[in-house]
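Hi everyone, thanks for coming. Have a look at the sequence and the structure on the screen, and I'll walk you through some parts of it.

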Amino acid sequence: MRLAAVPSESWRAMALNPLRTGLTMLGMVIGVAAVVAMLAIGQGAQAVVNQQIASMGSNLFLILPGAATSGGMRMGIGTALPLTAADAQAIGELPTVTASAPMTSGTAQLIHASNNWSTLVYGITPEFWAARDWKIDSGEMFSETDVRSAARVALIGRVVAENLFGNADPVGETMRIRNIPFTVVGVLAPKGQSLDGRDQDDTVHVPLTTAQRRLFGMQIPGAIRFIIAQSASLETMDTTEEEIKRLLRQRRRIPPGGEDDFTVRNLTATAEAAAISARAMSFMLGAIASVSLLVGGIGIMNIMLVSVTERTREIGVRMAIGARRRDILVQFLTEALTICILGGAIGAALGVGGAWLAAELADMQVVVTVAAILLSFGFAAAVGLFFGFYPAHKAARLRPVEALRYE
Amino acid sequence: MSGASLIRVEGLAKRYGNGGEPEVEVLHDIRLEIRPGEFVAVMGQSGSGKSTFMNILGCLDTPSAGHYYFDGRDAGGLAPDELAALRNASFGFVFQGFNLLRRVNALDNVALPLLYAGIGKGERRARARRLLEEMGLATHAHHLPNQLSGGQQQRVAIARALANHPRVILADEPTGNLDTQTSQEVMGIFQRLNREQGITLILVTHEAEIAGYASRLVRFLDGRIVHDGPVHPQ
């Protein structure tokens with residue numbers, strides 16, 4: 001009863017000085033709004049990276065033919081002996097590898113009716129889809145038979161479909177790649193940008209054999225540009241890398257001590273580096289915003305100290321008529337806490353609004369989580385308790401006779 | 001009058017100063033007994049120690065030496081919160097400068113001691129209203145102190161002092177800021193409270209006329225009691 005009644009004394013005191021209360025609260029509002037908005041933007045950046053990682057498929061390796069070294073001079077990727085579909089097949093038989101897809105690629109001009117479009121064409125096998133976890137919107141994937149017979153069938157990305165066919169359904173239509181007619185068998189689900197910024201929807205996929213024989217003739221029969229291999233799990237990644245390296249060295253007859261003439265690139269590692277930098281950015285933003293919360297807290301302590309000094313006589317009167325130390329402590333602590341919690345609520349609302357504005361105006365992805373709001377709220381309350389305690393304690397420790405004598 | 005004393009002070013001393021400064025003793029070896037229902041006027045020049053003595057009686061200050069028994073209990077051994085409870089339940093304070101909370105209306109000022117006594121809001125209000133009525137201020141319940149005259153403010157303060165049915169009212173120069181007529185009104189109230197409700201009154205003043213309302217006079221000089229006797233010797 002008694003402790004429940006004391007807070008109403010604080011609220012009355014706050015209502016009597018709305019300008020001061022408002023200005024003190026403003027520090028808290030800005031602090032919490034900054035934390036909420038920054039967390040939303042930071043988590044948005046993380047979400048973008050995570051989406052890219054998910055769109056890439058998990059636990060992937062990209063295997064490229066490497067640089068040939070001749071007389072100490074390294075010639076650049078692709079100068080060494082190319083990889084072949086047989087290499088891909090051998091990798092696929094490794095114990096920790098769940099999928100291995102040989103691929104080739106090249107740019108080509110596409111024509112349909114009066115439209116034409118230039119894009120990247122990949123030669124793939126159906127196994128590729130297993131590794132990439134890529135959905136097909138309409139139509140269907142071409143089959144093993146198509147690969148064996150080097151059929152003229154193609155899967156096209158969303159961007160290609162729009163540029164060649166407009167709003168019409170391209171499935172079953174014919175288009176020409178490098179002047180060779182192909183039947184569109186499916187349209188891919190949108191996947192967005194890859195980590196290196198390439199638009200994955202602006203691609204065409206044809207059977208590997210078709211690409212090799214009809215589109216991009218290679219000097220060496222069966223040559224492919226790269227292999228995508230998938231390890232069984234994150235834990236087996238290191239083993240898989242070792243196995244692939246050992247196998248390829250053996251197949252390419254590299255003597256012990258000789259340098260690899262191929263590259264095994266861990267795509268997950270690249271993605272994780274991006275994720276780590278996004279996390280670091282998120283943390284930095286939060287830390288900077290926290291500083292403004294700290295400054296707001298110091299503002300509260302400042303005002304509360306002034307308030308205690310100004311109201312020394314009032315404290316004396318309250319003590320004379322029976323206020324215990326705890327009553328005085330609770331009164332001033334309630335004042336600080338109310339400012340923080342109310343300021344925190346307004347700040348959280350503004351922060352969410354600010355994040356939304358950033359999303360709308362700057363076209364940023366933001367993620368507002370309940371956890372982030374609760375976190376900044378709890379932080380605000382902690383700041384109130386922390387910075388409100390000293391002035392409240394000071395007020396409660398006043399000696400009644402001295403407080404009453406204060407002019 | 002007979003019976004046990006309500007207030008008993010033995011060998012009480014108060015010293016100020018610490019560390020390097022020389023100590024100043026403002027009260028020396030005070031001995032005094034006050035029985036329930038007495039009306040005591042405390043007089044003395046400023047600096048004679050009478051205000052310090054009053055603060056100790058009201059548990060606002062603690063003695064440096066000696067004992068203070070209130071209703072048989074040694075107040076020297078009480079913790080700050082126990083002293084607060086004692087002030088709340090047993091004492092009413094009336095000050096020269098009224099000491100009302102500036103931005104709080106008369107009703108809530110009167111109700112404030114009840115809040116610290118843990119009494120519910122409805123009863124707080126009802127009791128405060130009744131006390132203001134008794135003081136003839138029923139129509140001023142919602143006025144702020146600065147909308148009231150000095151006499152009215154002092155009556156609000158007396159109502160506040162009475163809120164918890166105190167046994168003792170300590171009044172420190174209660175008429176110091178009031179004109180003669182208002183002073184007489186206020187003293188009339190004190191006299192009535194003393195006679196009709198048996199409240200013990202201890203009043204600090206430097207005006208002989210005001211002291212005349214009391215029945216016993218205690219005079220301080222240089223930190224000692226130099227006179228203790230009836231106001232109107234027969």
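**Around one asparagine**

Let's start at B:N99, which touches A:R313, A:V317, A:L404 and B:R160, when residues up to four places away in sequence are not counted. Contact here means heavy atoms within 4.5 Å.

Before going on, a word on the ground rules: this is a predicted model, where local features need pLDDT of at least 70, side-chain atom pairs count only at pLDDT 80 or more, and totals for chains, interfaces and linings use all residues. Residues are numbered from 1 along each chain as its sequence is written, chains are lettered from A and ligands numbered from 1 in the order in which they are written, and side-chain values use heavy atoms, with hydrogens and water left out.

Back to our asparagine. B:N99 sits in the loop between β6 and α3 of chain B. Those labels are DSSP runs, numbered from the N terminus: helices are H or I with at least four residues, and strands are E with at least two. Is B:N99 buried or exposed? B:N99 is buried, because its relative accessible area is 7% and buried means under 20%, with exposed being over 50% and partly exposed in between (1.4 Å probe, protein chains only).

**A valine in helix α3**

Now look at B:V110, which lies in helix α3, residues 106–116 of chain B. B:V110 has 0% relative accessibility, so it counts as buried. Which residues does B:V110 contact, leaving aside its neighbours within four places in sequence? They are B:A128, B:L131, B:L132, B:V156, B:A159, B:R160 and B:A163. The C-alpha atoms of B:V110 and B:I158 are 8.6 Å apart, although 48 residues separate the two along the chain.

**The six-stranded sheet**

Next, find the open sheet of six strands in chain B, with the order β6-β7-β8-β3-β9-β10 and mixed pairing. Two strands pair if DSSP finds at least two bridges between them. At the edges stand β6 (91–94) and β10 (224–230) of chain B; each has a single partner strand, so one side of each is left without a neighbour in the sheet. From one strand to the next, the twist averages 15°.

Within this sheet, β3(B), residues 39–44, pairs with β9(B) in the parallel sense over five bridges. On to β9(B), residues 216–221, which pairs with β10(B) in the antiparallel sense over six bridges. There, B:R219 stands opposite B:H227, and B:F220 has B:I225 as its bridge partner. β9(B) and β10(B) form a hairpin with two residues between them, and in the turn B:D222 has a positive phi of about 50°.

Which strands does helix α5 of chain B lie across? This helix, residues 150–162, lies across β6 and β7 of chain B, at about 170° to β6(B). For such angles, axes are lines fitted to C-alpha atoms, for helices over the stretch in contact, and angles run from 0 to 180 degrees between N-to-C directions.

**The four-stranded sheet**

Chain B also has an open sheet of four strands, ordered β2-β1-β4-β5, with antiparallel pairing. Its edge strands are β2 (24–34) and β5 (73–74) of chain B, each pairing on one side only. Between β1(B), residues 7–16, and β2(B) there are seven bridges, and B:Y16 stands opposite B:V24. Helix α1 of chain B, residues 50–57, lies across β1, β2 and β4 of chain B, running at about 120° to β1(B).

**The nonpolar cores**

In soluble globular proteins, nonpolar side chains tend to be buried together. A nonpolar core here is a set of buried Ala, Val, Leu, Ile, Met, Phe, Trp, Tyr and Cys residues joined through side-chain atoms within 4.5 Å. How many residues does the largest one have? The largest core has 74 residues, and B:I7, B:F53, B:Y68, B:F91 and B:I202 have the most contacts inside it. Helix α11 of chain A, residues 325–361, gives the most to this core, with eight residues. Apart from it lies another core, of 42 residues, including B:L132, B:V156, B:A159 and B:I210.

Finally, zoom out: chain A has 13 helices and 14 strands. Along its principal axes, the C-alpha trace of chain A spans about 105 × 55 × 40 Å. Of its 407 residues, 48% are buried.
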